[in-house]
Amino acid sequence: MPRNRLNFLFLNVGHFLDHLFMLIFATVAALRLAEEWGMSYAALIPYATPGFVAFGICAIPAGWIADKWSREGMMIIFFIGIGASSIATALADSPIEIAAGLFAIGVFAAIYHPVGLAMVVHGRKKTGIPLAINGVFGNLGVAAAALLTGYLIDTGGWRNAFVLPGVVSIGLGAAYAAFVWSGREGRAAARAGGAGAKKAAAGASTIERATFVRVLSIIVFTTAIGGLIFQSTTFALPKIFDERLTDIAGSATAVGGWAFLVFTIAAFAQLVVGYLVDHHSVRTVFAFVAGLQAVFFAIMYQLTGVAALVVSVAFMLVVFGQIPINDVLVGRITRSEWRSRVYSLRYIVTFSVMASTLPVIAGIHATWGFAALFVVMAVAACGIFAAVLMLPRTGAIVGQPATA
């Protein structure tokens with residue numbers, strides 16, 4: 001396998017693990033710890049907040065270090081650090097201890113998005129499909145978190161759900177380190193011949209300042225609201241299914257299995273959206289996706305049983321489908337040499353909102369139930385739709401990119 005393809009595979013697997021690790025606790029809390037530790041679901045999930053805060057805040061230093069030092073080196077630290085932190089989390093015997101473990105996971109998980117995505121788009125003009133493929137792996141990590149964790153809970157206990165992925169990640173980190181070390185001469189040559197990437201970056205510099213600020217502001221706003229929606233759906237879905245699919249999901253494995261099915265089907269929406277943004281107006285595609293989110297969340301309000309399962313597939317298709325759009329926009333308006341830092345800005349917004357969303361989910365669930373959560377998400381999707389309409393109608397930023 002050519003080195004660039006193998007490197008892309010490592011990056012994709014890293015995205016898979018990044019989202020898997022961040023959502024193991026969601027299933028553990030919903031299906032086992034609340035009962036084992038004698039706590040309510042609403043009381044337990046705020047202990048995941050430190051991890052999501054770290055997931056956001058640490059993206060900034062991760063992106064800065066990667067741009068100044070080494071993106072490959074940061075990816076090695078990511079694989080090994082997140083694996084070791086997950087194993088340490090399995091040793092927790094109290095909510096405070098598990099919060100500390102989740103915080104450590106969040107610190108290392110923060111590395112991936114500013115670093116890995118900058119590596120994915122580096123030197124490319126058409127970034128929609130590569131980002132979509134990478135996004136599919138990330139969403140499969142979301143899906144596998146529910147399925148794998150549910151299975152490991154039923155067969156070996158919740159601690160095993162943290163240990164096994166941790167061991168795998170450390171092994172992959174060692175393999176990636178060997179891969180990077182073996183290609184050190186090739187990397188030096190690539191740096192010497194990096195004129196193509198610099199030329200692409202120069203194209204981004206021709207964007208008018210007012211347009212740049214306008215598009216970046218819309219990216220930040222839609223990123224924040226999108227983070228709320230993404231966190232609400234991916235974190236709460238196992239518990240939603242536990243409550244609303246009682247006829248077809250009677251065990252942790254069954255709940256995890258249905259969540260896995262929904263997340264897996266929805267993950268491939270990114271391939272469709274990635275193709276569309278490479279060939280059509282980002283503004284049009286983005287508005288269509290946001291509008292469908294609002295519609296499906298409103299429909300989901302009180303649904304149960306098979307109908308709830310079907311609509312869950314529909315809203316997750318458009319939630320996951322939105323993910324590569326902002327990343328494509330960032331890639332089109334930024335230079336390569338500071339792209340990691342701009343991605344880190346985008347993801348510190350995303351994950352800071354995701355962290356603050358956890359207490360919101362807990363409060364809404366405890367007071368009104370998940371029906372109210374779907375109302376909140378429908379309104380939020382309408383906000384994204386309105387913001388997208390303010391994107392420029394024409395131009396290389398939101399239109400079809402030039403052929404590479």
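**Entry 1: Thr264**

I began at one side chain. A polar atom of the Thr264 side chain lies 2.7 Å from the backbone oxygen of Phe260. This is a predicted model, so I take the distance as computed from predicted coordinates. I then looked up where Thr264 sits: it belongs to helix 13, residues 252-267.

Is Thr264 buried or exposed? I found a relative accessible area of 17% for Thr264. That counts as buried, because the cut-off is under 20%. Next I listed its contacts, leaving aside neighbours within four places in sequence. Thr264 is in contact with Leu140 and Ala143.

**Entry 2: confidence**

The mean pLDDT of the protein is 84. I noted that 90% of the residues reach 70 or more. Where is confidence lowest, and where is it highest? It is lowest in helix 11, residues 195-204, with a mean of 43. It is highest in helix 5, residues 71-89, at 95.

Residues 189-205 have pLDDT below 50. Beyond near neighbours in sequence, this stretch has 10 contacts in the model.

**Entry 3: the largest cavity**

I searched the whole structure for cavities. Five of 30 Å³ or more turned up. The largest holds about 280 Å³ of space. I counted 23 residues in its lining. Closest to the centre are Phe230, Ile323, Arg346, Tyr347 and Thr350.

Which elements give two or more residues to this lining? I wrote down helix 1 (3-36), helix 8 (128-156), helix 12 (209-244), helix 16 (305-333) and helix 17 (339-367). Helix 12 gives the most, with six residues. By class, the lining of the largest cavity has 15 polar residues, seven nonpolar and one charged.

**Entry 4: the second largest cavity**

I moved on to the second largest cavity. About 50 Å³ of space lies in it. Its lining is made by Met22, Phe25, Ala48, Gly51, Phe52, Leu102, Ile105 and Gly106. Helix 1, helix 3 (49-57) and helix 6 (95-109) each give two or more residues to the lining of this cavity. Helix 6 gives the most, with three.

What is the lining of the second largest cavity by class? I noted six nonpolar residues, two polar and no charged ones. In the largest cavity, I had noted one charged residue in the lining.

Key: Residues are numbered from 1 along each chain as its sequence is written. This is a predicted model: local features need pLDDT of at least 70, side-chain atom pairs count only at pLDDT 80 or more; totals for chains, interfaces and linings use all residues. Side-chain values use heavy atoms; hydrogens and water are left out. pLDDT is the predictor's confidence in each residue, from 0 to 100. Helices (H or I, at least four residues) and strands (E, at least two) are DSSP runs, numbered from the N terminus. Contact means heavy atoms within 4.5 Å. Buried means under 20% relative accessible area, exposed over 50%, partly exposed in between (1.4 Å probe, protein chains only). A polar contact is a pair of N or O atoms within 3.5 Å; within protein, one must be able to donate a hydrogen and the other to accept it, and residues adjacent in sequence count only if both atoms are side-chain atoms. On a 1 Å grid over the protein atoms alone, a cavity is a set of points where a 1.4 Å probe fits but cannot get out, and a pocket is an open set with protein on both sides within 12 Å along at least five of seven lines; lining residues have an atom within 4 Å of a point. Grid points are joined across faces, edges and corners, and a volume is the space filled by probe spheres set on the points. Ala, Val, Leu, Ile, Met, Phe, Trp, Tyr, Cys and Pro count as nonpolar, Asp, Glu, Lys and Arg as charged, and the others, Gly among them, as polar.
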